[in-house]
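The following paragraphs guide the reader through a predicted model. They begin with a pair of packed helices and then turn to one residue and to the chain as a whole.

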Amino acid sequence: MHDTTARTEHRLRRFVTERLEPSVYRARSPLRVTAWEVPDEPVPFAEAITQEYEPFEVGAPWGRPWSTVWFHVTGRVPEGWSDLLAARTSDGVPSVRAELVIDLGFTNAGPGFQAEGTVWTPDGVILKALEPRNAYVPIRVGPGGEIDVYVEAAANPDVPNGQWIKSTPMGDKATAGTDPIYQLRAVDVALLDTDVWELVQDVWTLRGLMVELPEALPRRAEILRACEDMLDAVDPHDVVATAAVGRERLAGVLASPAYASAHRVHAVGHAHIDSAWLWPVRETVRKCARTFSNVLALMDEDPDVTFACSSAQQYAWVKEFYPELYTRIAERVREGRFVPVGGMWVESDTNMPGGEAMARQFVAGTRFFMDEFGVEPREVWLPDSFGYSGALPQISRAAGKDFFLTQKISWNDTNRMPHHTFHWEGIDGSRIFTHFPPADNYNSELSGFDLAKAQRQYAEKGRANTSLVPFGFGDGGGGPTREMIAAARRTANLEGSPTVTLSTPERFFTTARDEYPDAPVWTGEMYLEYHRGTYTSQHRTKAGNRRSEHLLREAELWATTATVRTGASYPAAELERVWRLVLLQQFHDILPGSSIAWVHREAERTYTRIATDLEALIGSSVAALVGEGDRGIALNAGPFSLDGVPALGASAPVPADGGVSLVPDGEGWALRNAHLSMRIDQRGLVTSIRDLDADREVLPRGAPANLLQVHRDIPNEWDAWDIDAHYRRVVTDLDVADEIVTQTHEASCAVVVSRTYGDSTITQRLELAPGSRALDIVTTVDWHERQKLLKLAFPLDLHAERATSEIQFGHIHRPTTTNTSWDAARFETVAHRWVHVGEPGYGIAVANDCTYGHDIHRDVGPDGSVRTTVRQSLLRAPLFPDPDADQGEHVLRSSLVVGAGIAEAVREGYRMNLPLRRVRGASDVAPLLRVDNPAVVVEAVKLAEDGSGDVVVRLYESLGGRATATVTADFATTGVVETDLLEREIEGRAGLSVDGESARVSLRPFQICTLRFAR
């Protein structure tokens, strides 16, 4: 026959758009609308319904950016619809259904990125949300057909407006303007025609499948001809009367079963709700209510619907602000249909949170789910975080997790991960069964495109054949829709398509692991070759996180010590509250710096309150411990003794032996102590560092250290997220000093260098203390650049084959070369408190107190010698989504430790981040416990979560080798057990042996060990 494929497909597209979809509703009847505009921030339902409502016309504008308007909608179902509503199809289902259809002025932007609404009954029950592509509400008709609902309409702006790089004022209520940005288009009661709606779903599924099939495949032609027969059968002028006949024409191709070898998809209802991003946290609270009410409404209509939902924080918000909705959620959880997953407080970033904070994400999240619902999720659910730390497998397993899911690595810009189902091995050797959905979409609509992509890309073909597809509108919420459920039913067993089963995460993972028990292994971090700028953007947010983590360590340690030593009350509730705040800020669009201005200004205010609250807790505990007196006492919360103060204790500090000198030296200054001799020139650059103990020059000839460098930083896309490799092609060295001042004290000597660049000023204090092997640098920047990247460079006379970077509970090695595409793509990396480079027998550490981004590379100098350069990424200045990102003053501390091994790097990281706390008092404080092996580091000391008063100690092996250590408690105990992160007793992992108050453990490299001392 002649080929009419293109013309028939064109005919089908036009028929669906112009005839079929407009016929879904047989009739509409407008309803009465009155409105009240909330003056400022959202108010509860009980307050809103007491206000004075004014008449409001459909077609009128409403909603300044970020505002809320409450619409009161009243009316009745037209009397003439009664017979229609009573009619049934041949299958016994209603021929029509009455629904509210409300168009708030929806745009082409996706659900969750524009106006949204929540529909309430007059007695305060949420019925459902209103969103684009999901703007209906099942009617609860009162006596006489009366309709009475309230609509809480959120005028959330479309912040990106189709782009991810240009500056926008919409990310802050103060700059977004006051003009209305939406128009109320429709508020109707409408009759949905069941046959027409079902025909729309038939065509959507078949058409989506058809265009994915090879053109030469007979199945594609069969579907096209069936659609052509449907087009002939349905009268375009009377779609309602002929839709059933059209469905009959498609029944045959819909009934043809899938191939025996078809890929098997477990479709899991889901809504990835970013806890903050292009909207503030307060709006996420409402997004949760909207999404969850959508899901509950769908469950009421269809008993097979299940929904997987992560983030205990989001449940906690609903419990606090929407208790009636939370009660309904809890009932569905008990039925196994609303499924808590992930076991974390939020879907956090995993690159930058510290070890204990990463552990607490799981402790807080899993405990919430267990306490509230009696459910313990078995999987880690992180579809959208920007790379995955090599420490995560061990942390996950220690929290009782068996499975791990993500999708984000599919965004890599250079290399494709070789597996979709595999075992992921962490730095300690722990393994967790892992899956990447090959559909590469955590917001799937179960379209033909997504299903075909899952089958096409699945990397384990021939060995396994099952994958998971999370479906439902996400990022800004929304969740699954009835159209998606209809698509799942039609593709359950459909020729040419993967088979689709409505499922749950646990059902999928159990099936996949049974199918593929010998899955391959990926070892180490899963580095995202994208979004590398998130290690640096929004420095104040990152500095707040680092400081909060270490203040929490101090607060728990000293509160525990005060409770044990003095009987002081342990502030468990307050610590839990603060931990939850810190964990929320670690969400994967807050801590990485990729949110709107509103989010980051709020985070900065939150960190200020956190610091104030924790300082008060620490002050109270310390006062109880040291008493009243006038002795100078220093408290050391670190795991290593410092200036004569024991680890985890307090005493008078002991001054370091030896002196330090600072003298003019020709064209600069010489800075010297017993271990180091340095030269700083009139540019304020360090031109020489000599290790006197090793008799070795540290810096390459002609390559000064402490070199600030500014790069042009204009990524191709995703402004706040990305640093592209081409940034290195344009650089300005800041090698001119405006002023240099020297300062000499008994405790240290310093050179203070001031510079200007553009509209910014930079002051650096370079300090050397007696007996120290570290040059301390404090960089104070008043930053007013745009799209610039500020780095601090340390060229080193080392032939380092690899760079070592601290991560949670250990460290990771990365090559300094670019032999492979994987190495080349890793041009910007993340580290916590320190990095280390070295050659056999000698090394150098570079530490920090609030920097995460680094680049470390090896090259050849002008004299032909090999050198290794460590650069810290200090500041960026992206324009989107926050046009004022990183503007203003910042203080960053760095140190260069000469002649350092890994052990010295670990010590320096703690010294930089846990300085001695100096107070006046009467008494020293003996440490609660001592560890006899410095390789085994104490990461946390706290009281048990269950309120028993037991002391919990978290340790880890820090050097990457096997270590045996004795942990001795300096308080009466009645026993010691090893536990998991949730403080439940386990056996056999650390070879625990107990002798009185002492516990001896044998740890493998980087092993985490949690000990519980009963009191």
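Helix H4, residues 194–210, packs against helix H6, residues 239–255, at an angle of about 35°. The axes of H4 and H6 lie 9 Å apart, and their crossing is left-handed. On the H4 side, the contact is made by Asp-195, Val-196, Glu-198, Leu-199, Asp-202, Val-203 and Leu-206. H6 contributes Val-239, Val-240, Ala-243, Ala-244, Gly-246, Arg-247, Leu-250, Val-253 and Leu-254. Sorted by class, the residues of this contact comprise eleven nonpolar, one polar and four charged.

Ser-23 itself belongs to the loop between helix H1 (5–20) and strand E1 (25–30). Because its relative accessible area is 17%, under the 20% cut-off, Ser-23 counts as buried. A polar atom of the Ser-23 side chain lies 2.7 Å from the backbone oxygen of Arg-19.

The view may now widen to the whole chain. Its secondary structure comprises 19 helices and 53 strands. Of the 1015 residues, 62% are buried. Among contacts between residues at least 6 apart in sequence, 74% join residues at least 24 apart. Along the principal axes, the C-alpha atoms fill a box of roughly 100 × 65 × 60 Å. A compact globule of 1015 residues would have a radius of gyration near 31 Å, and the chain, with 31 Å, agrees with that expectation.

Key:
Residues numbered from 1 in each chain as written. Predicted model: local features only at pLDDT ≥ 70, side-chain atom pairs only at ≥ 80, totals over all residues. Heavy atoms only, no water. Helix = DSSP H or I, 4+ residues; strand = E, 2+ residues; numbered from the N terminus. Buried < 20%, exposed > 50% of the residue type's maximum accessible area, 1.4 Å probe, protein only. Polar contact = N/O pair within 3.5 Å; in protein donor to acceptor, adjacent residues only side chain to side chain. Axes fitted to C-alpha atoms, helices over the stretch in contact; angles between N-to-C directions. Left-handed = near helix turned anticlockwise from the far one by under 90°. Contact = heavy atoms within 4.5 Å. Nonpolar A, V, L, I, M, F, W, Y, C, P; charged D, E, K, R; others polar. Rg over C-alpha atoms; globule rule 2.2 N^0.38 Å.
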